[in-house]
Each structure stands twice: as C-alpha cells, then as structure tokens.
Amino acid sequence: MRPRTLSLFWATVLSLAAVYLLLAVAAPYVSMWMAGRDQPLPIPRAAMAMYLVLALAGAAIYISTDDEKLREFLRPLQALLRGNPEGHALERALRVTLLAAGPLLVGAAVYSQTAPAVQTPTALRIQHPTIPGQFERLRNPFRTNDEAMQRHIAEGRILYQKNCRPCHGTKADGGGPMAWGFRLKPANFRDPGTIATVVEAYAFWRVKEGARGLPAEASPWDSAMPAWKDDLTDEQIWKIILAEYDIAGVAPRQPEKIE
Amino acid sequence: MIGAAAALLLLVFLAPPAAGAPAPPQPPVPGKTIYETRCGFCHGDAGRGDGPVADYLDPRPRDFTGGIYKLTSTQSGQAPTDDDLFRTVTQGIPGTAMPAWGSVLPEAQRRQVIAYIKTFAPEAFGTAPERITVGTEVSASSDTIRKGKELYQKAKCWECHGQDGRGDGPAAPTLKDDWGARVRPANLTRGWRYRGGSSARDVFTRLSAGMNGTPMPSYVDTFNEEQRWQLAHYVRSLVREPKERGAVVLRVRGSEAIPLDPDDRRWAGLEPLEVPLSGQVITRPRWQTPAVDMIFVRAFFTDKEIGFHLEWDDPFKDTRHDEPSLPPGDGKGPYVKLDLSKAGRPVLRDAVALQFPVTLPSGPELPHFVLGDRLRPVNLWHWMADRQGDSPGTTPVVELNAMGYQVPPQPQTAEGQQVRGKGTWKDGRWRVVMVRPLTTPDRGKDIMFEPGRFIPVAFHVWDGSHGEAGLRMALSSWYYLLLEPPTPPQLYLYPLVAMLGAGGFELWLVRRARRDRLATAAAGARPGEGARST
C-alpha cells in the first residue's frame, strides 16, 4: 500500500489555487515593491485569464499522461457522484449540497450574463490637451517685470473680475457663483495642477478659443468656457492672464528652450 | 512682482493689530492695499459700492459709506461689531458675489481690511454698538417647531416670505431697500443661500437684529428670546436640503398611465433628480443673475409615452408675454445687467425647457450642452406659462430644434408638435408636466426614447418678472435619463433551462458512475480501489 499522501485531485486543486493567489495577490505586491509605488499593481484581467488557462492546460496534460493518473484524479469525483449509502449523515448531506450547488451555480451564471446591466456613463477627459502650433510660441507682451506690469495687472484684475469671476471666482479658486450649476467645474487656478503647470501661451489659447477650441478627448460638450475671442481683444486676454496668475498667487510655467 | 508681494507682507507684519472701535485717525495702509486689490472692483475704491463690476451683481455690493450692514448681531439700526464684519469677510455671503476670504487672507489681513472699511463711515462706528442678547438656546423639537409656526403666522412673516416660505408673500413684489432698489424676500426653503448662515443661532440672530437697510425688521420688541428661538427652529424646518446632491442619472420607472395633472399624487411618490442651475454665461447676452437655481425632475414611462414632471420655485407667476420676446442686450459689458424696475421693461412669461440630443449618442460625444452644435443638433420641449388655458387642441409646449447658440432655436412644423403639457403655480412654485410618445415619425428632429439607453437631458428655466427670456436663462449641464427596461421573460427562462440541463447532466453522471461501480463490483474490484472509495 502506498504511503498516505495528498490525492492527485486535491493536489491539482491546491496547485491551481496557489497559482491564482500568486497572480492575484503576490504579483501585485511584488510589482508595487519593485516599481516603488504606494499601491499594489494588479495584473491585467486578460493576462490573468491567459496565465490561468495555461495553468489549467498544464494540469490537464500532466493528469492525462497515463491512465493510472487519470483514474486517480477522477476517483474523488466518482466517489462524490456515486455516494456512499453507508456513510455518515453529514457526509451524505455534503454530497447532496455539492450536487445541488452545480445547477444553481449554472443558473446564476446564466442570469448574470443575460440580466441587463447598466452603468453610469463615464467619460475619460484629457485635462490638458496639446496646444495648437500657432499658439505655442506666443509670449505675454505685458510680462515686462517693471512698473508698467503692475499697471497692467491692475487693468487685468478689473477685466478678470468682470468677465471670469462669475465662474472662476473672485479668489480664482473656481468657486464663483456660476460654478454651482456646471457639472464640469470651472478650473481652480490656485490648484498647482492648473495654470501653474502650463505656459502663458496655453492659458491664452484656452481663454481665446474656449470650449469650441477643445479636441474631442477633452469633452468640449461639457465645457462652459466661452470663446473669449468673440468679446475680448488679444491685449485684454493677455492682461487677464497676467492678473489671473497674480490673483491666484502662482507663477506660470516657463517655456522650455530648444537649442 | 515678488518684491511688491514681499513689501506688502512686511507691511502687514509691521502694522499694529487693528483696535476695536473708534477708527484710527489715519487709514491703515495695509488695509487700504488689500482693499484696493481684493475689494475695490466691486465695492468701489471709495467704498460707495460702485466698483466696475457692481452693476452686474444681484444683490449689489455694499455701499460702505452709510455704515449700514445687513448681517449684524447688534440692536436694530446699529453698526455691526468687528466680529460681525470679520465673520462676513471670512465666510462670505452665500447666494451673493461675496466670497469667503478665510481661505485666502490670513486673519491679520482680514482684520486690517475691516479696520479700513470702517474708515468709510467713521460716524457710524463712533460709538460702541449694543449686542443683542441670546438667552438660553431652546433646542429644536416638534413642540418648538409647532410653536414657531404659530409665531410665523402671528408675526405675519408670510406677508413677505410666503405661507410655505418660498418668498412669495403678497407683499413680496413691492419690497425695496433703503436705497430704493427692488429686493426679494429670502426663499426660506433654500438653506444654502441664507445670507448670514443657516444654523439656528444664525436665524435667531437675524430675527433679533433684523437686517439693516432691508425691509426685514427686528423682532426683539415683538417676541421674547424663547419665542425667537422657536421661530428660528420653525424657519429652519422649512429648509429642503437636496437629498442626493450630485446624482446624475434619473431612473425612470414604467407605469400604467401618465398623469397630466402636475398635482397628481402619483408624481409626489417619485424620488426627484435635483438639478442645480447656473446662469447662461457662455455667450452674449451673458446672464449671471439667474432667478432659479434648482429644478426637481421626475418622470414616468409607459410602453407608448414618456412624461416629465418639473418643479421649481418662482415667487411670482408670470403668465403674460409681449412679443417680440427678446429684450436686446445693452451691448456694452460682457454681461447683461439685471433691471427690476418696471419702467419700459417688456412683460415676460415664465417658461421651462427640456433639451435632448436629436440622435442618441453612440460614443461619448454629445452635443454642446448649450443648445447643441452644428454637427449635433438638439431637440427642445419649451413649455410657456402664457399658453396656459389656450383653446382646446393647442398645447402650451412648443417643440424646437437648435444647432448651437449662434442661431435662435427653430420651432418645428405644426404637424411636428407632439408634446402635451400642463402647468400649475401655487405658493411660489411651478409644477409642469410634459408628455410625448416614446417615438415619433419626425426622425432627424425628435429624440426617440429607448429603454435601457442613457439619454442625455438638460434643463432651461426662465423667470419672466426677473427679465429672463431667450439666452437670459438658468441652465444645467447634461444629465441622464434611464428608462428602466421591463424585465423580459427570457431573463427567467434562460437560467431555468440552464439549471434543468445542468441537473439532468449531473443525474446522468451519477447514474453512470453507479453503473460503473456495479459493473466493476461484478467483475471483482481491484483491492486498492475498494479501500479508497469508502
């Protein structure tokens, strides 16, 4: 008689479970550690499915290499199907439960596949689409760092408070009285991720062309930003931008130099 | 620029902290600098409430030269305390253009600017004001609220604020402030717009101190402290806070029939989608003084029709309309000024519109939320209050199409009009129902409703007596409707068939396994297997 070891069936089940845990739990944490991130990096579902299919195929090949192995593997399954009339009541109850669970699981799977699932529409939005070429090289003519600039800031401040304040707010924090009704909230210029991260030419493009100038990936249909070229001159827009950075207390990004 | 900022900062730190009452003989310089960069564009550099932005604001910015302040904790008619002013500067005034400066200006600077503001009316701040007494706070209970309700009737609060607190009392249309400008009594159901805060203590303070310069009196002489607390709790009980702020999808249930009567009880049984509205500020005429800031939307659908129920607060019922409807913009500033004076103003109706894309989007791309665009037109259902009670066969709803805000929306032909509607106004609130077949023959002009699809929808509201018509309106971004599809019978059939199949297969396996065992037993089982199978 062979020494009592784990039967082939349970060994297979355990190995597959181990592979799954390795992929689902261990790998994300290892990659988090290796990539130096602060969150686990899960394996993509498609890759996960492929790995699991490979593991299953490996197990199937190993089991079917000879008839004895196959028989050994199938033995617990056959025992389950046959049942043991003399067995303990608990054992018999377990068998009935397992057998009943099969069709119920199949039913549940079919239901979840056919039931209409609705998800709230979400759209990915690119916050900073690429600036068009004709705007890229523009410089703010009023950023002169002299006394005249202070005067232009004062002029720009009035223009900002007249035109931009209703949405972007007196404090340039995106909290103007008109921000309330728009689902795509007006930009908060005090946030370091908005005007502080772009060059002034970028801000000029956004003010001048507004929602109409946005590419589709930046969901122009949700944007309440007017195309201010309809109502303001280029000079006024540059002054507003000067004041906007001043009110928000941030500095524009400096354009990179290409030598 | 950095040098200037540093100099400013240095001045702020060097300046002595502002003293309480009488204003110093010389205006504190840092306060002046802060005032001129942060406050002057609205309140005016001379404090007269006439800065370059002032004309576009409703309510107008405070004129500091009179020393009259609305939000005080002092006896009626007296100047505010420094702490009252500090609170207003720090927290801002909800529902107005006054922002909360607490997040931007350090406390010292806020104190400096207050000291400077007081120099505009030195005589008003010459004597120390007397504070109101608060007494022992009475806590809210059904009993205090009930007593407060009686006081609300007794003091005739409803004359201005209306029976249900929506600012629709009979005296409301005539109210003026001390400067002769028209003012509206507060809509007490909108706690998020209470000027001086909506806590019980805030309301108690307003009731006790009154609001200087406005028709809101002090009730110190009318009611004792306990009664004022009761009234405050009643007022707070009128607030209708949005239940689920930020919800985007209106899930629409199927129904046997759609009630056209907006006051039908079946509508009240539905949970509304609460949609905040802003002024149309995207194109001229830009409108930053919308009258309506929220609309409640409900809907039903049958296998043939869909019905919408729209509800919003409007203290005045405007059911007359002068054509031509569009008042011209003033063409000067970027925004249109609010003008509530009666003289020379066209009579305008109240109205509401639903906006849908003409074709359901297949991807994420939608028409622009303000009347669509040239590639993606929108379908509008425009209900108009002046069309109430029209002759039979006509409807108060006009269907239109728009392809962007550059061109006015075009009404559809008479045959294309399929929306029925009905509106009722009561106690400062409009309720409007619009019903249309799910699909119409006007493909390419009308939205076709499909259950199970997300259907973009946006809302427009006009208040006629507030001067709203055309692009002077309150509007929303895109929201979504979902007509919950009826459960198809297959949904239950497929799993049943699958379960029967799986059960049958299992039974067959069991049978086969048993037959095999009998066969092996008959042939004489191998010793190893017999030992294991038990």
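In the predicted model, strand β12 (residues 454-462) of chain B pairs with strand β14 (residues 479-483) of chain B in the antiparallel sense, over 4 bridges. Within this pairing, I455(B) has L481(B) of β14(B) as its bridge partner. β12(B) is also joined to strand β6 (residues 351-357) of chain B, again in an antiparallel arrangement, through 5 bridges. Here V352(B) is placed opposite V461(B) of β12(B). A further antiparallel pairing, over 2 bridges, links β12(B) to strand β13 (residues 474-475) of chain B, where L475(B) of β13(B) faces H460(B). Of the 9 residues of β12(B), 8 are buried, and the strand is therefore largely enclosed by the rest of the structure.

The domain assignment divides chain B into domain 1 (2-118), domain 2 (142-237), domain 3 (249-483) and domain 4 (489-519). The centres of domain 2 and domain 3 of chain B, taken over C-alpha atoms, are separated by 32 Å. To the contact between them, domain 2 of chain B contributes 12 residues and domain 3 of chain B contributes 7 residues. On the side of domain 2 of chain B that touches domain 3 of chain B, 2 residues are nonpolar, 5 are polar and 5 are charged.

Helix α9 of chain B covers residues 225-237. From its first C-alpha to its last, this helix of 13 residues reaches 18 Å, close to the 18 Å expected at 1.5 Å a residue. α9(B) is mostly covered, with 10 of its 13 residues buried. The buried positions are Q227(B), R228(B), W229(B), Q230(B), L231(B), A232(B), H233(B), Y234(B), V235(B) and R236(B). Among the elements that cover these buried residues of α9(B) are α6 (142-154) and α8 (200-209) of chain B.

Chain A contains 9 helices and 0 strands, and its order along the sequence reads α-α-α-α-α-α-α-α-α. The radius of gyration of chain A is 33 Å, whereas the globule rule gives 18 Å for 259 residues; because the value lies well over that figure, the chain is more spread out than a compact globule. Along its principal axes, the C-alpha trace of chain A spans about 100 × 45 × 30 Å. Buried residues make up 26% of the 259 residues of chain A. Among contacts in chain A with a separation of 6 or more, 58% involve residues 24 or more positions apart. The domain assignment of chain A gives domain 1 (8-112) and domain 2 (133-248), and the C-alpha centres of these two domains of chain A lie 58 Å apart.

The contact between the chains draws 48 residues from chain A and 52 residues from chain B. On the side of chain A that touches chain B, α3 (67-82), α4 (89-114), α6 (147-163) and α7 (165-168) of chain A each supply at least two residues. The largest share of that side, 9 residues, is provided by α4(A). By residue class, the side of chain A that touches chain B consists of 27 nonpolar, 13 polar and 8 charged residues.

Note on methods: Residues are numbered from 1 along each chain as its sequence is written. Chains are lettered from A and ligands numbered from 1 in the order in which they are written. This is a predicted model: local features need pLDDT of at least 70, side-chain atom pairs count only at pLDDT 80 or more; totals for chains, interfaces and linings use all residues. Two residues are in contact if their C-beta atoms, placed from the backbone, lie within 7 Å. Ala, Val, Leu, Ile, Met, Phe, Trp, Tyr, Cys and Pro count as nonpolar, Asp, Glu, Lys and Arg as charged, and the others, Gly among them, as polar. Domain bounds come from an automatic or database domain assignment. A residue is buried if 20 or more other C-beta atoms lie within 10 Å of its own, exposed if 12 or fewer, and partly exposed in between; C-beta atoms are placed from the backbone. Two strands pair if DSSP finds at least two bridges between them. The radius of gyration is taken over C-alpha atoms; the globule rule is 2.2 Å times the number of residues to the power 0.38. The expected span of a helix is 1.5 Å times one less than its number of residues.
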